[in-house]
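Dear colleague,

Please find the structure below, together with its sequence.

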Amino acid sequence: MKKFLTILILIPALCFGQVQYPAGKVNIERITSQYLQNKVGENPTRRVSVYLPPDYDTTTAKYPVIYYLDGFDWNDSLDFNMIYLNKLFDKAISTGKIRPVIIVVPNECTSVGGSFYTNSPITGMWSDFTAKELVTYIDKNYRTISNKESRGLCGVSMGGYGAIKIGMMYPDVFSTVYALSPAILDLANEFGSTADCYKKASQLKTLNDLKNEPLFETHVVVALGRAFSPNLDKPPFYTELPFNYSGDKLIINKEILDLWNKNLPIQMIDRNIDNLRKLKALKLDWGRNDEFSHIPITCKIFSQKLEKLGINHYAEEYIGAHTNKIVTDDGRFLNEVLPFFDTYLIFEMTN
(Lines give C-alpha, C1' and ligand atoms only; values in the text may rest on other atoms or scores of the structure.)
Protein backbone atom coordinates (compact mmCIF):
# COMPACT_ATOMS: atom_id res chain seq x y z
CA MET A 1 0.00 0.00 0.00
CA LYS A 2 2.76 2.40 0.91
CA LYS A 3 5.03 1.92 -2.10
CA PHE A 4 4.28 5.34 -3.62
CA LEU A 5 4.29 6.99 -0.19
CA THR A 6 7.64 5.41 0.65
CA ILE A 7 9.16 6.58 -2.62
CA LEU A 8 8.13 10.15 -1.88
CA ILE A 9 9.30 10.05 1.73
CA LEU A 10 12.75 9.14 0.47
CA ILE A 11 12.90 12.59 -1.13
CA PRO A 12 14.78 14.95 1.22
CA ALA A 13 12.31 17.02 3.19
CA LEU A 14 13.84 20.25 1.95
CA CYS A 15 15.43 20.08 -1.48
CA PHE A 16 15.94 23.70 -2.32
CA GLY A 17 19.16 24.75 -0.70
CA GLN A 18 19.68 27.16 2.18
CA VAL A 19 18.95 30.43 0.36
CA GLN A 20 15.89 32.18 1.79
CA TYR A 21 13.64 33.45 -0.99
CA PRO A 22 10.72 35.84 -0.51
CA ALA A 23 7.95 33.64 0.82
CA GLY A 24 4.48 33.20 -0.49
CA LYS A 25 1.75 31.93 1.77
CA VAL A 26 -0.52 28.91 1.74
CA ASN A 27 -4.21 29.34 2.53
CA ILE A 28 -6.24 26.30 3.58
CA GLU A 29 -9.76 26.16 2.19
CA ARG A 30 -12.47 23.57 2.79
CA ILE A 31 -15.08 23.13 0.11
CA THR A 32 -18.25 21.15 0.75
CA SER A 33 -18.92 19.87 -2.72
CA GLN A 34 -22.26 19.23 -4.37
CA TYR A 35 -20.49 17.08 -6.96
CA LEU A 36 -18.93 14.85 -4.32
CA GLN A 37 -22.12 13.76 -2.57
CA ASN A 38 -21.81 9.97 -2.66
CA LYS A 39 -23.18 6.62 -1.58
CA VAL A 40 -20.16 5.03 0.08
CA GLY A 41 -19.18 7.40 2.87
CA GLU A 42 -16.47 9.48 1.20
CA ASN A 43 -16.14 12.94 2.76
CA PRO A 44 -17.65 15.54 0.38
CA THR A 45 -15.86 18.35 2.23
CA ARG A 46 -12.42 18.60 0.66
CA ARG A 47 -9.36 20.41 1.92
CA VAL A 48 -7.66 22.61 -0.68
CA SER A 49 -4.27 24.30 -0.28
CA VAL A 50 -3.87 27.55 -2.20
CA TYR A 51 -0.35 28.91 -2.69
CA LEU A 52 -0.27 32.69 -3.15
CA PRO A 53 2.87 34.36 -4.55
CA PRO A 54 4.96 36.65 -2.32
CA ASP A 55 3.52 39.87 -3.78
CA TYR A 56 -0.13 38.80 -3.56
CA ASP A 57 -0.99 40.96 -0.52
CA THR A 58 0.92 44.05 -1.69
CA THR A 59 -0.63 44.43 -5.15
CA THR A 60 -4.04 44.43 -6.78
CA ALA A 61 -2.81 42.26 -9.64
CA LYS A 62 -4.67 39.26 -10.96
CA TYR A 63 -2.80 36.01 -11.52
CA PRO A 64 -2.97 32.90 -13.66
CA VAL A 65 -3.68 29.66 -11.80
CA ILE A 66 -2.06 26.23 -11.98
CA TYR A 67 -4.04 23.32 -10.54
CA TYR A 68 -1.83 20.50 -9.25
CA LEU A 69 -3.18 16.95 -8.77
CA ASP A 70 -1.50 14.53 -6.37
CA GLY A 71 -0.57 10.90 -6.76
CA PHE A 72 -2.19 7.87 -5.15
CA ASP A 73 -2.50 7.91 -1.34
CA TRP A 74 -1.08 11.45 -1.15
CA ASN A 75 -2.58 14.84 -0.32
CA ASP A 76 -2.00 18.56 -0.16
CA SER A 77 -1.06 18.56 3.53
CA LEU A 78 1.87 16.24 2.81
CA ASP A 79 2.87 18.41 -0.15
CA PHE A 80 3.32 21.49 1.98
CA ASN A 81 4.34 19.96 5.32
CA MET A 82 6.60 17.10 4.24
CA ILE A 83 8.14 18.04 0.88
CA TYR A 84 7.56 21.81 1.21
CA LEU A 85 6.27 22.60 -2.26
CA ASN A 86 5.78 26.21 -1.15
CA LYS A 87 9.59 26.53 -0.88
CA LEU A 88 9.94 25.22 -4.41
CA PHE A 89 7.34 27.73 -5.65
CA ASP A 90 9.10 30.56 -3.78
CA LYS A 91 12.39 29.66 -5.46
CA ALA A 92 10.82 29.31 -8.89
CA ILE A 93 9.29 32.79 -8.73
CA SER A 94 12.38 34.47 -7.23
CA THR A 95 14.75 32.92 -9.79
CA GLY A 96 12.55 33.68 -12.78
CA LYS A 97 11.50 30.12 -13.59
CA ILE A 98 7.93 31.41 -13.58
CA ARG A 99 6.27 34.76 -13.01
CA PRO A 100 4.06 35.13 -9.91
CA VAL A 101 1.24 32.60 -10.07
CA ILE A 102 -1.43 31.04 -7.85
CA ILE A 103 -1.11 27.27 -7.40
CA VAL A 104 -4.06 25.21 -6.15
CA VAL A 105 -3.68 21.71 -4.69
CA PRO A 106 -6.92 19.88 -3.81
CA ASN A 107 -7.07 16.80 -1.60
CA GLU A 108 -8.80 14.21 -3.77
CA CYS A 109 -7.50 11.17 -1.90
CA THR A 110 -10.19 8.69 -0.87
CA SER A 111 -10.69 5.97 1.73
CA VAL A 112 -9.09 3.44 -0.64
CA GLY A 113 -6.25 5.73 -1.74
CA GLY A 114 -7.42 7.62 -4.78
CA SER A 115 -10.37 8.97 -6.75
CA PHE A 116 -8.50 8.79 -10.04
CA TYR A 117 -10.11 12.17 -10.67
CA THR A 118 -12.99 10.29 -12.28
CA ASN A 119 -16.75 10.82 -12.26
CA SER A 120 -18.14 7.82 -10.43
CA PRO A 121 -21.85 7.18 -9.80
CA ILE A 122 -21.12 6.00 -6.26
CA THR A 123 -17.99 7.80 -4.99
CA GLY A 124 -18.61 11.25 -6.47
CA MET A 125 -18.05 13.31 -9.59
CA TRP A 126 -14.37 14.04 -9.13
CA SER A 127 -13.66 15.29 -12.67
CA ASP A 128 -16.56 17.74 -12.45
CA PHE A 129 -15.54 18.83 -8.97
CA THR A 130 -12.05 19.69 -10.22
CA ALA A 131 -12.95 21.41 -13.48
CA LYS A 132 -16.18 23.11 -12.43
CA GLU A 133 -16.71 23.54 -8.70
CA LEU A 134 -13.09 24.00 -7.64
CA VAL A 135 -12.25 26.39 -10.48
CA THR A 136 -15.40 28.43 -9.82
CA TYR A 137 -14.57 28.65 -6.10
CA ILE A 138 -11.00 29.78 -6.70
CA ASP A 139 -12.05 32.38 -9.28
CA LYS A 140 -14.68 33.73 -6.87
CA ASN A 141 -12.42 33.94 -3.83
CA TYR A 142 -9.02 34.92 -5.26
CA ARG A 143 -7.69 37.46 -7.73
CA THR A 144 -7.39 35.20 -10.75
CA ILE A 145 -7.30 35.82 -14.46
CA SER A 146 -10.44 33.82 -14.94
CA ASN A 147 -10.15 32.44 -18.44
CA LYS A 148 -8.76 29.21 -19.81
CA GLU A 149 -5.72 30.88 -21.37
CA SER A 150 -4.50 31.66 -17.86
CA ARG A 151 -5.41 28.31 -16.35
CA GLY A 152 -3.12 25.25 -16.29
CA LEU A 153 -3.43 21.70 -15.00
CA CYS A 154 -0.67 19.33 -13.93
CA GLY A 155 -0.11 16.28 -11.76
CA VAL A 156 2.19 13.41 -10.93
CA SER A 157 1.47 9.67 -11.22
CA MET A 158 -2.28 9.27 -10.56
CA GLY A 159 -2.37 13.06 -10.77
CA GLY A 160 -0.67 12.90 -14.17
CA TYR A 161 -3.42 10.54 -15.27
CA GLY A 162 -5.96 13.02 -13.90
CA ALA A 163 -4.35 15.99 -15.65
CA ILE A 164 -4.44 14.27 -19.03
CA LYS A 165 -7.97 12.94 -18.56
CA ILE A 166 -9.48 16.18 -17.28
CA GLY A 167 -7.54 18.14 -19.89
CA MET A 168 -9.16 15.99 -22.57
CA MET A 169 -12.60 16.41 -21.03
CA TYR A 170 -12.45 20.15 -20.30
CA PRO A 171 -10.30 21.98 -22.89
CA ASP A 172 -12.55 25.02 -22.47
CA VAL A 173 -11.52 25.26 -18.80
CA PHE A 174 -7.78 24.49 -19.01
CA SER A 175 -5.53 25.55 -21.89
CA THR A 176 -2.24 23.98 -20.80
CA VAL A 177 -1.58 20.51 -19.36
CA TYR A 178 1.58 18.88 -18.00
CA ALA A 179 1.61 15.26 -16.77
CA LEU A 180 4.57 13.91 -14.80
CA SER A 181 5.01 10.13 -14.78
CA PRO A 182 1.32 9.63 -15.59
CA ALA A 183 0.04 6.26 -14.36
CA ILE A 184 -2.61 3.95 -15.84
CA LEU A 185 -2.76 5.51 -19.29
CA ASP A 186 -3.60 1.93 -20.27
CA LEU A 187 -3.42 -1.56 -18.76
CA ALA A 188 0.05 -3.05 -19.17
CA ASN A 189 2.76 -4.88 -17.21
CA GLU A 190 1.90 -4.75 -13.48
CA PHE A 191 -1.66 -3.75 -14.42
CA GLY A 192 -2.00 -6.08 -17.43
CA SER A 193 -4.55 -8.89 -17.54
CA THR A 194 -2.28 -11.50 -15.94
CA ALA A 195 -0.95 -9.24 -13.16
CA ASP A 196 -1.09 -10.63 -9.61
CA CYS A 197 -3.08 -7.64 -8.34
CA TYR A 198 -6.37 -8.82 -9.88
CA LYS A 199 -6.20 -12.24 -8.28
CA LYS A 200 -5.23 -10.72 -4.94
CA ALA A 201 -8.00 -8.12 -5.15
CA SER A 202 -10.62 -10.79 -5.86
CA GLN A 203 -9.54 -12.63 -2.70
CA LEU A 204 -10.06 -9.66 -0.37
CA LYS A 205 -13.13 -9.95 1.85
CA THR A 206 -12.96 -7.04 4.27
CA LEU A 207 -11.64 -3.49 4.45
CA ASN A 208 -9.10 -4.76 6.96
CA ASP A 209 -7.88 -7.26 4.35
CA LEU A 210 -7.26 -4.36 2.00
CA LYS A 211 -5.52 -2.34 4.70
CA ASN A 212 -3.14 -5.24 5.34
CA GLU A 213 -2.56 -6.12 1.68
CA PRO A 214 1.16 -5.60 0.96
CA LEU A 215 0.98 -5.39 -2.85
CA PHE A 216 0.55 -1.72 -3.77
CA GLU A 217 -0.99 -2.51 -7.15
CA THR A 218 -3.86 -4.37 -5.44
CA HIS A 219 -4.90 -1.14 -3.73
CA VAL A 220 -4.76 0.66 -7.05
CA VAL A 221 -7.06 -1.79 -8.88
CA VAL A 222 -9.61 -1.63 -6.03
CA ALA A 223 -9.63 2.17 -6.40
CA LEU A 224 -9.88 1.84 -10.18
CA GLY A 225 -12.85 -0.47 -9.81
CA ARG A 226 -14.65 2.00 -7.53
CA ALA A 227 -14.00 4.74 -10.08
CA PHE A 228 -14.59 2.92 -13.38
CA SER A 229 -16.94 0.00 -12.65
CA PRO A 230 -18.62 0.42 -9.26
CA ASN A 231 -21.34 -1.90 -8.01
CA LEU A 232 -23.33 -0.95 -4.89
CA ASP A 233 -24.41 -4.55 -4.51
CA LYS A 234 -20.84 -5.72 -3.86
CA PRO A 235 -19.70 -4.40 -0.47
CA PRO A 236 -17.31 -3.66 1.09
CA PHE A 237 -15.35 -2.40 -1.94
CA TYR A 238 -18.27 -1.86 -4.34
CA THR A 239 -16.14 -2.82 -7.31
CA GLU A 240 -16.23 -5.00 -10.40
CA LEU A 241 -12.90 -6.00 -11.92
CA PRO A 242 -12.23 -6.75 -15.59
CA PHE A 243 -10.01 -9.74 -14.80
CA ASN A 244 -10.97 -12.48 -12.36
CA TYR A 245 -9.92 -16.05 -11.67
CA SER A 246 -11.54 -19.43 -11.23
CA GLY A 247 -8.68 -21.22 -9.54
CA ASP A 248 -5.78 -20.37 -11.81
CA LYS A 249 -7.95 -19.80 -14.88
CA LEU A 250 -8.16 -16.18 -16.06
CA ILE A 251 -11.70 -14.95 -16.74
CA ILE A 252 -12.11 -11.72 -18.71
CA ASN A 253 -15.29 -9.75 -18.09
CA LYS A 254 -15.58 -7.88 -21.40
CA GLU A 255 -18.41 -5.65 -20.23
CA ILE A 256 -16.35 -4.40 -17.30
CA LEU A 257 -13.20 -4.14 -19.42
CA ASP A 258 -15.14 -1.90 -21.81
CA LEU A 259 -16.02 0.37 -18.88
CA TRP A 260 -12.36 0.56 -17.90
CA ASN A 261 -11.27 1.27 -21.47
CA LYS A 262 -13.65 4.24 -21.60
CA ASN A 263 -11.63 5.76 -18.76
CA LEU A 264 -8.08 4.94 -19.91
CA PRO A 265 -6.47 7.93 -21.67
CA ILE A 266 -4.94 5.93 -24.54
CA GLN A 267 -8.36 4.47 -25.26
CA MET A 268 -10.00 7.90 -24.85
CA ILE A 269 -7.94 9.61 -27.54
CA ASP A 270 -10.13 8.68 -30.50
CA ARG A 271 -13.24 10.07 -28.77
CA ASN A 272 -11.51 13.28 -27.79
CA ILE A 273 -9.48 14.29 -30.85
CA ASP A 274 -11.26 17.64 -31.22
CA ASN A 275 -10.83 18.40 -27.52
CA LEU A 276 -7.13 17.54 -27.63
CA ARG A 277 -6.69 19.92 -30.56
CA LYS A 278 -8.24 22.72 -28.47
CA LEU A 279 -5.45 22.55 -25.89
CA LYS A 280 -2.84 25.24 -26.31
CA ALA A 281 -0.03 23.06 -24.97
CA LEU A 282 0.27 19.48 -23.68
CA LYS A 283 3.35 17.75 -22.32
CA LEU A 284 4.08 14.48 -20.57
CA ASP A 285 7.37 13.17 -19.24
CA TRP A 286 8.56 10.03 -17.50
CA GLY A 287 11.65 8.50 -15.95
CA ARG A 288 13.42 5.81 -17.95
CA ASN A 289 13.88 3.75 -14.77
CA ASP A 290 10.40 4.18 -13.30
CA GLU A 291 9.63 1.57 -10.62
CA PHE A 292 6.21 1.17 -12.25
CA SER A 293 7.24 -0.43 -15.51
CA HIS A 294 3.97 0.26 -17.32
CA ILE A 295 4.58 4.00 -17.23
CA PRO A 296 7.41 4.36 -19.79
CA ILE A 297 5.64 1.92 -22.11
CA THR A 298 2.22 3.56 -21.99
CA CYS A 299 3.62 7.10 -22.13
CA LYS A 300 5.39 6.25 -25.39
CA ILE A 301 2.25 4.64 -26.82
CA PHE A 302 0.16 7.66 -25.82
CA SER A 303 2.61 10.06 -27.45
CA GLN A 304 2.93 7.95 -30.60
CA LYS A 305 -0.84 7.81 -30.99
CA LEU A 306 -1.09 11.59 -30.65
CA GLU A 307 1.71 12.00 -33.17
CA LYS A 308 -0.02 9.76 -35.72
CA LEU A 309 -3.16 11.86 -35.36
CA GLY A 310 -1.21 15.08 -35.84
CA ILE A 311 -1.96 16.37 -32.34
CA ASN A 312 0.75 18.76 -31.20
CA HIS A 313 2.32 17.87 -27.87
CA TYR A 314 5.64 17.38 -26.12
CA ALA A 315 6.87 14.08 -24.72
CA GLU A 316 10.18 13.48 -22.97
CA GLU A 317 11.95 10.56 -21.33
CA TYR A 318 14.65 11.48 -18.84
CA ILE A 319 17.09 9.50 -16.70
CA GLY A 320 15.23 9.01 -13.47
CA ALA A 321 12.75 6.91 -11.54
CA HIS A 322 9.14 7.52 -10.50
CA THR A 323 9.63 10.54 -8.24
CA ASN A 324 13.35 11.05 -7.60
CA LYS A 325 13.65 13.78 -10.24
CA ILE A 326 10.39 15.61 -9.53
CA VAL A 327 10.82 18.10 -6.66
CA THR A 328 14.60 18.19 -6.26
CA ASP A 329 16.75 21.19 -7.17
CA ASP A 330 17.56 19.51 -10.48
CA GLY A 331 14.06 18.11 -10.85
CA ARG A 332 11.29 18.41 -13.37
CA PHE A 333 8.92 20.62 -11.41
CA LEU A 334 11.35 23.49 -10.95
CA ASN A 335 13.15 23.24 -14.27
CA GLU A 336 10.51 21.95 -16.70
CA VAL A 337 6.95 22.16 -15.40
CA LEU A 338 6.86 25.71 -14.09
CA PRO A 339 8.84 27.17 -17.03
CA PHE A 340 6.43 25.34 -19.36
CA PHE A 341 3.48 27.11 -17.76
CA ASP A 342 5.39 30.40 -17.80
CA THR A 343 5.73 30.00 -21.57
CA TYR A 344 2.15 29.04 -22.39
CA LEU A 345 -0.12 30.68 -19.81
CA ILE A 346 -1.26 34.27 -20.24
CA PHE A 347 -0.05 36.38 -17.30
CA GLU A 348 -1.63 39.68 -18.24
CA MET A 349 -5.28 40.66 -18.34
CA THR A 350 -6.60 41.15 -21.87
CA ASN A 351 -9.78 42.89 -22.99
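The model is predicted: local features need pLDDT of at least 70, side-chain atom pairs count only at pLDDT 80 or more, and totals for chains, interfaces and linings use all residues. Residues are numbered from 1 along each chain as its sequence is written, and side-chain values use heavy atoms, with hydrogens and water left out.

Nonpolar cores

A nonpolar core is a set of buried Ala, Val, Leu, Ile, Met, Phe, Trp, Tyr and Cys residues joined through side-chain atoms within 4.5 Å; buried means under 20% relative accessible area (1.4 Å probe, protein chains only). The largest such core has 76 residues, and Phe 116 and Ile 184 have the most contacts inside it. Helix α8 gives this core its largest share, eight residues; helices (H or I, at least four residues) and strands (E, at least two) are DSSP runs, numbered from the N terminus. Leaving aside residues up to four places away in sequence, Phe 116 touches Phe 72, Met 158, Tyr 161, Ile 184, Val 220, Ala 223, Leu 224 and Ala 227 (contact means heavy atoms within 4.5 Å). A second, separate core of 31 residues includes Leu 85, Val 156, Val 337 and Phe 340.

Strand β4

Strand β4 (residues 102-106) is largely enclosed by the rest of the structure, because five of its five residues are buried. Ile 102, Val 104 and Pro 106 lie on one side, with Ile 103 and Val 105 on the other.

Cavities and pocket

On a 1 Å grid over the protein atoms alone, a cavity is a set of points where a 1.4 Å probe fits but cannot get out, and a pocket is an open set with protein on both sides within 12 Å along at least five of seven lines; lining residues have an atom within 4 Å of a point. The whole structure holds three cavities of 30 Å³ or more. The largest pocket contains about 270 Å³ of space. Of its 14 lining residues, Ala 201, Leu 204, Lys 234, Phe 237 and Thr 239 are the closest to its centre. A volume is the space filled by probe spheres set on the points, and grid points are joined across faces, edges and corners.

With kind regards

Conventions
Buried means under 20% relative accessible area, exposed over 50%, partly exposed in between (1.4 Å probe, protein chains only).
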